[in-house]
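These are notes for a colleague going through the model. The points are numbered for reference.

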Amino acid sequence: MNKKLNCVLFVDDDEFTNLINVKLVESVKVTEHIQVCCTGKDALEFLTNSGEYKKENEPFPCPDIIFLDINMPGMNGWEFLEEYNKLPKTRRDNLIIVMLTTSLNPEDEITANKLAYVTAFRHKPLTVPMINEIIQTYFPEVG
Amino acid sequence: MPENNDKSHSQTLQRKLDQANEKVRILENMIEERTRELYYKNANIHSQNMEMMQYLYIASHDLQEPLRTISSLVDALKYELREVTLSDDANVYMGGITTLTERMGTIIKDLLDYSRLGREKVLQKVDCQHIVQSVLEDLHTTIEAANAEVNIGILPVLTAYPTELKLLFQNLIGNAIKYRKTDVAPVIHIAAERGPTCWEFAISDNGIGIEEKYQEKIFMIFQRLHTRNKYDGNGIGLAHCKKIAELHEGKIWVESTIGVGSKFHFNIPDKINNT
């Protein structure tokens with residue numbers, strides 16, 4: 001068995017999108033864990049072991065890939081990135097952020113490309129070939 | 001000599017007066033021209049707005065047709081599979097298709113309603129007391145279920161669009177109940193205050209409140225602050241409210257503190273140009 005990713009995090013408010021995305025990632029068997037957060041706030045709490053994810057004396061979870069939706073209620077994808085960028089740099093190392101969106105607005109892709117910490121921009125729906133391509137590009141040692 | 005002096009003095013005055021009159025005339029012309037310009041620009045904006053709403057109406061109408069067919073196809077598929085035992089996942093997917101088809105149906109309906117809002121508006125004398133009473137009757141079950149206390153101040157009789165104004169109250173009172181705290185019964189106050197050229201209304205609650213950074217965003221169409229499993233809805237109510245306030249040439253805004261409550265304000269000017 002080849003090396004696997006530790007964790008893939010999905011941040012998306014749509015339950016059915018999450019359901020399908022989890023199924024897809026499970027099917028390619030590239031990661032030990034898959035985490036789903038329905039809001040940006042939820043995801044920040046997950047990443048910092050706070051709120052609902054409060055854990056004492058445990059290492060902060062370090063997902064390898066964050067798939068991030070843009071249009072979410074309350075804190076949207078951009079606002080999440082703003083807050084995320086305030087986390088200590090060591091906790092943001094070695095992970096990639098893929099903006100995954102239905103948005104057909106080219107402005108969104110331009111904005112995403114300007115942000116150093118956004119690695120890739122993809123349109124929904126997520127597909128198996130898309131997952132494989134992302135893994136091959138950013139984690140060639142996996143798979 | 002003094003006579004001559006007087007004459008030349010009055011001639012000078014007359015010349016100055018003529019010059020002043022000429023300036024006034026030029027200014028008047030400029031004002032007239034600017035007014036005409038503004039009038040045409042305004043009319044232009046109005047007609048563009050109407051056109052936009054027309055597009056929205058047509059687009060949402062046309063979207064409904066394929067959606068209905070999807071619904072029928074899902075029903076047909078379910079019928080074909082009636083004797084087949086589906087896996088749990090397959091059942092979840094089928095349920096998902098139905099849920100999302102219905103959701104899209106309500107989004108399209110919301111868009112249609114939004115585009116048609118104010119289309120057949122009729123300016124009338126309305127008694128806000130009556131309007132609010134009838135809203136409370138409509139919301140009767142919701143109010144009882146939430147154990148909500150609703151206090152109504154003295155509300156005025158004014159000139160407005162009755163159907164739209166009722167919808168405005170309905171949305172704001174409905175929201176005040178919907179976004180209540182889980183452990184505190186909602187207490188809602190509805191009040192009106194006389195402003196210099198308008199009536200200003202306020203609907204306040206002791207609900208969950210709205211973060212400051214979202215206090216403008218909430219009035220935009222399809223903007224929601226919560227996930228659907230927490231508070232259902234498409235994010236259309238306050239967009240409707242904003243459109244209704246603007247139909248009345250008034251404004252709507254909110255003051256709110258997280259964990260304390262929200263106070264929605266809107267005003268209805270005394271003079272509304274019935275366009």
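Where in chain B is B:Asn147 found?

1. B:Asn147 sits in the loop of chain B between α4 (140–146) and β2 (149–152). The model is a predicted one, and the points below should be read on that basis. Phi of B:Asn147 is positive, near 60°, and the residue is not a glycine. B:Asn147 has 11 other C-beta atoms within 10 Å, and it counts as exposed because the cut-off for that class is 12 or fewer.

2. B:Glu249 is another non-glycine residue with a positive phi, here about 60°. Its place is the loop between α6 (237–247) and β6 (252–257) of chain B. Is B:Glu249 exposed, partly exposed or buried? There are 14 C-beta neighbours inside 10 Å, so B:Glu249 is classed as partly exposed.

3. In chain A, the backbone point to check is the peptide bond from A:Lys124 to A:Pro125, which is cis, with omega near 0°. A:Pro125 belongs to the loop that runs between β5 (120–123) and α5 (128–138) of chain A.

4. Chain B has an open sheet of 5 strands with mixed pairing, in the order β2-β4-β5-β7-β6. At its edges stand β2 and β6 of chain B; each has a single partner strand, so one side of each lacks a neighbour in the sheet. From one strand to the next, the twist averages 15°.

5. The partner of β2(B) considered here is β4 (residues 187–194) of chain B; the two pair in the parallel sense over 4 bridges. Within this pair of strands, B:Val150 is opposite B:Ile188 of β4(B).

6. Two helices of chain B, α3 (residues 128–138) and α5 (residues 162–178), pack with their axes 9 Å apart and at an angle of about 55°. α3(B) and α5(B) are therefore oblique to each other. The crossing of α3(B) past α5(B) is right-handed. On the α3(B) side the contact is made by B:Ile131, B:Val132, B:Ser134, B:Val135 and B:Asp138; α5(B) contributes B:Pro162, B:Leu165, B:Lys166, B:Phe169, B:Gln170 and B:Ile173. By class, this contact of α3(B) with α5(B) has 7 nonpolar, 2 polar and 2 charged residues.

7. How many residues of chain A are in contact with chain B? There are 7 in chain A, in contact with 7 residues of chain B. The side of chain A that touches chain B has 4 nonpolar, 2 polar and 1 charged residues.

Key: Residues numbered from 1 in each chain as written. Chains lettered and ligands numbered in written order. Predicted model: local features only at pLDDT ≥ 70, side-chain atom pairs only at ≥ 80, totals over all residues. Buried ≥ 20, exposed ≤ 12 C-beta atoms within 10 Å, placed from the backbone. Contact = placed C-beta atoms within 7 Å. Nonpolar A, V, L, I, M, F, W, Y, C, P; charged D, E, K, R; others polar. Pairing = 2+ DSSP bridges. Axes fitted to C-alpha atoms, helices over the stretch in contact; angles between N-to-C directions. Parallel < 35°, antiparallel > 145°, perpendicular 65-115°, else oblique. Left-handed = near helix turned anticlockwise from the far one by under 90°.
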